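Please look over the chain shown here before reading on. The report below takes up a helix crossing and several salt bridges.

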Amino acid sequence: NRLDQRVSRTRTWDALLAYCALSANPVGRLVLGVFDASTPQRDALSDSICSALQVIEHCQDVAEDCARGRIYLPHEDLERFGCSEAELTKAPASPALRGVVALQIERARMLLAQGEPLLAELRGLARIAVAGFAAGGHATCDAIARADFDVTSSTLRARRWNLVAWWARLLGRAWRAA
């Protein structure tokens, strides 16, 4: 919250991950703590999942955040794709904005994959809960991709059946890996 009061733009991907370390990652660590499942290795895996979820949320909320004076998409990526700040609130999304969002979703999927080994280390309700969070991230990425990365035309949400399919897939992978 203090960072949001001082900084309204994110310059680089690394800066966005540093923001996630303060905003999203502590939530995952709290979840592990509730289940008495926290270890340094598990915390690091949880951080990957939580950072991914935060990035996905920022992609969903591009126009809303911009209208409030905040831009979480890395400025270096906006420049790379030739996307102006004015494009962040216009519907339908420009090809440049779609390219920026597609890159962030690709990165979020990589973070989710990096964190998935956590599921094999957890048991019982902890595994079920964390798999649900990760499944929600994957299903939301699918929804954004299905909309051709146009995050300004409508509110994109995961389809319930797709969420359940991801949840079952992730639990199956964890069960086989454990």
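What follows describes a predicted model, beginning with a helix pair and turning then to charged side chains.

## The crossing of α2 and α4

Helix α2 (residues 13–23) and helix α4 approach each other with their axes coming within 9 Å and crossing at roughly 110°, which makes α2 roughly perpendicular to α4. The crossing is right-handed, and the contact is made by Trp 13, Leu 16, Leu 17, Tyr 19, Cys 20 and Ser 23 of α2 together with Ser 51, Gln 54, Val 55 and His 58 of α4.

Gln 54, which lies in helix α4 (residues 40–60), is buried, since its relative accessible area is 11%. Apart from its neighbours within four places in sequence, Gln 54 is in contact with Tyr 19, Cys 20, Ser 23 and Ala 24.

## Salt bridges

The whole structure holds 11 salt bridges. In one of them the side chains of Arg 9 and Glu 85 meet at 3.1 Å, N to O, linking the loop between α1 (2–6) and α2 with the loop between α6 (75–81) and α7 (95–115), 76 residues apart.

Asp 43 and Arg 29 meet at 3.9 Å, N to O, in another salt bridge, which joins helix α4 to helix α3 (residues 25–34). Asp 43 is buried, with a relative accessible area of 10%, whereas Arg 29 is partly exposed at 38%; Arg 29, Asp 43 and Asp 47 are linked in a network of salt bridges.

Methods. Residues are numbered from 1 along each chain as its sequence is written. This is a predicted model: local features need pLDDT of at least 70, side-chain atom pairs count only at pLDDT 80 or more; totals for chains, interfaces and linings use all residues. Side-chain values use heavy atoms; hydrogens and water are left out. Helices (H or I, at least four residues) and strands (E, at least two) are DSSP runs, numbered from the N terminus. Buried means under 20% relative accessible area, exposed over 50%, partly exposed in between (1.4 Å probe, protein chains only). Contact means heavy atoms within 4.5 Å. Axes are lines fitted to C-alpha atoms, for helices over the stretch in contact, and angles run from 0 to 180 degrees between N-to-C directions. Angles under 35 degrees count as roughly parallel, over 145 as roughly antiparallel, 65 to 115 as roughly perpendicular and the rest as oblique. A crossing is left-handed if the near helix is turned anticlockwise from the far one by less than a right angle, and right-handed if clockwise. A salt bridge is a side-chain nitrogen of Lys or Arg within 4 Å of a carboxyl oxygen of Asp or Glu.
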